[in-house]
Amino acid sequence: MLNFPLWKRLWLWGITLVFAITSVPTLVSLAGGSWPEFLPRPVVNLGLDLAGGSHIMLEARPEQVARQRLETMEESVRTALRSATPRIQHGEISSANGELSFMLDDASQVDAARDLIEPMTTGAGLTGQRDWTINVVDGSRFVLKQTQAGINQTLDSAMASATEVVRKRIDGLGTREPIIIRQGSNRIVVQVPGLQDPEELKELLGQTAELEFKLVVPTNEPGGQVLPYAPGTIGEGTSITVRRLGGIRGDSLTNAQATRNSQNNEPVVSIQFDAQGAQRFAKLTTENVRKQFAIILDGEVISAPSINEPILGGQAQISGSFTPETAGQLAIALNSGALPVDLTVIEESTISAELGADSIDKGILAMGVGSLLLVIFIIVTYGRFGVYACLALVLNFLMILGVMAIMGSTLTLPGIAGFVLTIGAAVDANVLINERIREERARGRRVVQAVELGYKEASRAIFDANITNIIAAVLMAMIGSGPVKGFAIVLLIGIITSVFTAVTMTRMWVAGWLRKARPADLAL
Amino acid sequence: MKLLKLVPDNTNIHFLRWRMPFYIVSVLLMLASYGLLAVNGLNLGVDFVGGQAIRVTFTQDAEAPIPALRDEVDALGYGEPTIQQMGNPNQVSLRMRLPEDDADGGLAAKMTREIVSTIEQAHPGARIDGVESVSGQVSSELFTSGMLALGLAMVGISIYIWLRFEWQFGVGALFALLHDVTLTLGLFSLTQMEFDLNIVAALLTLIGYSLNDNIVVYDRVRENLKKYRRMPLPELLDLSVNETLSRTVVTSLSLLITLLALLLLGPDVIFGFTAAITVGIFVGTYSSIFMATPILIWLGVKPDSFVPTKDSAGDEPDGVTRKA
């Protein structure tokens, strides 16, 4: 038990020092100093509650994804049946309750139709299910139903690209070090340190930014679609009819920029189409000179200019009562692409930097004073053994910081509380050991034997206590969110490092001292 | 060097002689807590009920002008705010219900803007420290997950104790944890301090620590049961508590030192959190001695509960002190 050969001592010190040293960059940056750029710098970042900033949680609705899938499927089925040879005639396609159903005019074409539709469905990931089920009822009625696995798969890919779009938009704002994380199946968490007014960010992320160009048609034309003017535009409160099909979509843009109109100095957004889009735009404008076309953003008309001459270079300007800010936002949104799903803000919090700084100062002060008093109390109670315990505490503190830095964890306010409590638990381990040594001495055991038994007998309770704390911490980390999680991570790391420093390291020191000094009695 | 000894050697306090009165008092306190929770409820934070909280510090005033603030915000027509002092007298938190029928959050954003600008205009020294807004759906999820974490932790820990010791010890630990959590919740109901996610973390911590105490005593009970087969159980439990008393006192004091520092000097934002844990340390230490231990008598722990099996027989200390 008390035998520590050189290799073991080197090994234990090695582990301790590696972790302890990795905490140095964090300590330097907490103290307000700057860490040289050329050195490796694993730093524990401060959470928003300490650094100040904005936290926003966005959510997509799975129903919307399901609805969109249904529409796409309807469109593909319609096209496939129409372009089949011979053409497959069918009745009205109804899309209610998340399923498509339609009747074939000629029941003998059922197999042909099935052969066309079946390849449109695929397996849903690794679930073993198809993404759609196809049933034929009453001889000629097709029923296509989306499976949950199919919806989940589409939602998953929509969220993946939505996260990317959100990232691009936030980068476009030029904020520093934003954290963008997908959470669960349909949520995205955005954290922007230092951001004090999240309104602009929320507006930007709330836009779907789907840009369309469609021809304006007379109100009574069949196949027309009535769209309202966007708030704040000239036509606010009125609406306009456009041709549903044959427009150009904004995904063929290569670049969008906020500028000013050279004639009236009004803020505008200039856009550049890619080659294909430019061609289609040229065609649309050439064929429809002197007609009106509508520029539509997220289903609302921004403006409906008339085409004075064909626009051939693939460049256009959108004007529509913009302010410089809204023009800038639209440019960022268009450049980052449209969101595949609408995102709604469901949770939001902003902490001012002053409050954060105040919390850090007070947190450090409380930890400093608390630790100092604790060190005095422990040394007064246990003497030399108390000194070892306190040394272990310092190493434990550094190791927790070091492990957090390596893991790239974030230190939050509850995390600081976690630190304090971990220190309490570590002290308890030493208290248990030292009390046991005292007891064994009182029972008349010799020094070395008492120390050995002290460590051995106390280990059982230390082990059980730490396991139960680990159970609590793991549950907190798994189920809890936000503050509970931040706290649990520090606690988990701390439990492991504290066993190492408070039990193993102190035993090594005590063993070394016993061997060197060979004391006949213990001051304990 | 003369070392500090808070608890003299070989104490022999008859803790268990008073087990009935203590149990009666504790059970009454638990019932009172349930009563308080039923009547007063908890002052749930926006994490749990949804809504919006705006934190303001009035840097030019010694005390926040709460009545004026209430009238100003009420006049905006979004309903009356719940205003609560936080930490210092010049810091408050304003809580608002989120507007209904607000699918894209536009109304909530407008409400925030109006409240913030009203406060800033009416009170020149006002500093907005933070805005937090949680939708009803998220808040109910947070509440469920928080309570789930708490419940599962208590059950998980008790099962572990049952596996490591005997079922009686598991039940004893579960009862002691229930006692600690109930009394702490009762205190929150009594003082109407805000109960939010941080407090759930505090409760989880305090059950962890309360359990530390239980385990230390139980570990000693197990050891003594193996050592002194013929000692009557109450006497043996008293001996175990006495033998670990010094450790209990030193550890509890160590925790209190760090917690009091955090409570008095630490950030205002976690005052509730530290307060809950500080109370929990007292309650937890008390419950491990007066709740978790005597219950073993009533649950019928037998002296042969831990008859050494083959592999653990070798661990027995060689019996220098057979007689206490």
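User: Start where the chains meet as strands. How do strand 18 of chain A and strand 5 of chain B pair?
Analyst: They pair in the antiparallel sense, over 5 bridges. Strand 18 of chain A covers residues 344–351. Two strands count as paired if DSSP finds at least two bridges between them. Strands (E, at least two residues) and helices (H or I, at least four) are DSSP runs, numbered from the N terminus.

User: Which residue is the bridge partner of Ile351(A)?
Analyst: Gly130(B), in strand 5 of chain B.

User: Before we go on, what am I looking at?
Analyst: This is a predicted model; local features need pLDDT of at least 70, side-chain atom pairs count only at pLDDT 80 or more, and totals for chains, interfaces and linings use all residues. Residues are numbered from 1 along each chain as its sequence is written, chains are lettered from A and ligands numbered from 1 in the order in which they are written, and side-chain values use heavy atoms, with hydrogens and water left out.

User: Okay. How many residues of chain B are in contact with chain A?
Analyst: 77 residues of chain B touch 70 residues of chain A. Contact means heavy atoms within 4.5 Å.

User: And how much area do the two chains bury?
Analyst: About 6400 Å² between them, with 63% of it on carbon and sulfur atoms. Buried area is the accessible area (1.4 Å probe) lost when two parts are put together, summed over both. Leu3(B), Tyr160(B) and Leu265(B) supply 9% of what chain B buries against chain A, more than any other three residues.

User: How many salt bridges cross that interface?
Analyst: The rule finds 9. A salt bridge here is a side-chain nitrogen of Lys or Arg within 4 Å of a carboxyl oxygen of Asp or Glu. One joins Glu243(B) and Arg443(A), at 3.6 Å from N to O.

User: Which element of chain B gives the most to the side that touches chain A?
Analyst: Helix 7, with 16 residues. Other elements supply at least two residues each, including helix 5 (136–164) and helix 9 (245–265). By class, that side has 40 nonpolar, 18 polar and 19 charged residues. Ala, Val, Leu, Ile, Met, Phe, Trp, Tyr, Cys and Pro count as nonpolar, Asp, Glu, Lys and Arg as charged, and the others, Gly among them, as polar.

User: Switch to chain A. What does Lys145(A) form with Glu99(A)?
Analyst: A salt bridge, with the closest N and O atoms 3.6 Å apart. Lys145(A) is in strand 6 (residues 141–146) and Glu99(A) in strand 4 (residues 99–103), so the pair ties together parts 46 residues apart in sequence. Glu99(A) also stands opposite Lys145(A) in the strand pairing. Strand 4 and strand 6 of chain A are antiparallel, over 5 bridges.

User: What is the strand order in the open sheet of chain A?
Analyst: 12-9-15-16, with antiparallel pairing. Strand 12 (248–249) and strand 16 (300–303) stand at the edges with a single partner strand each, so one side of each has no neighbour in the sheet.

User: Last one. What kind of peptide bond joins Thr85(A) and Pro86(A)?
Analyst: A cis bond, with omega about -5°. Pro86(A) lies in the loop between helix 4 (62–83) and strand 3 (94–96) of chain A.
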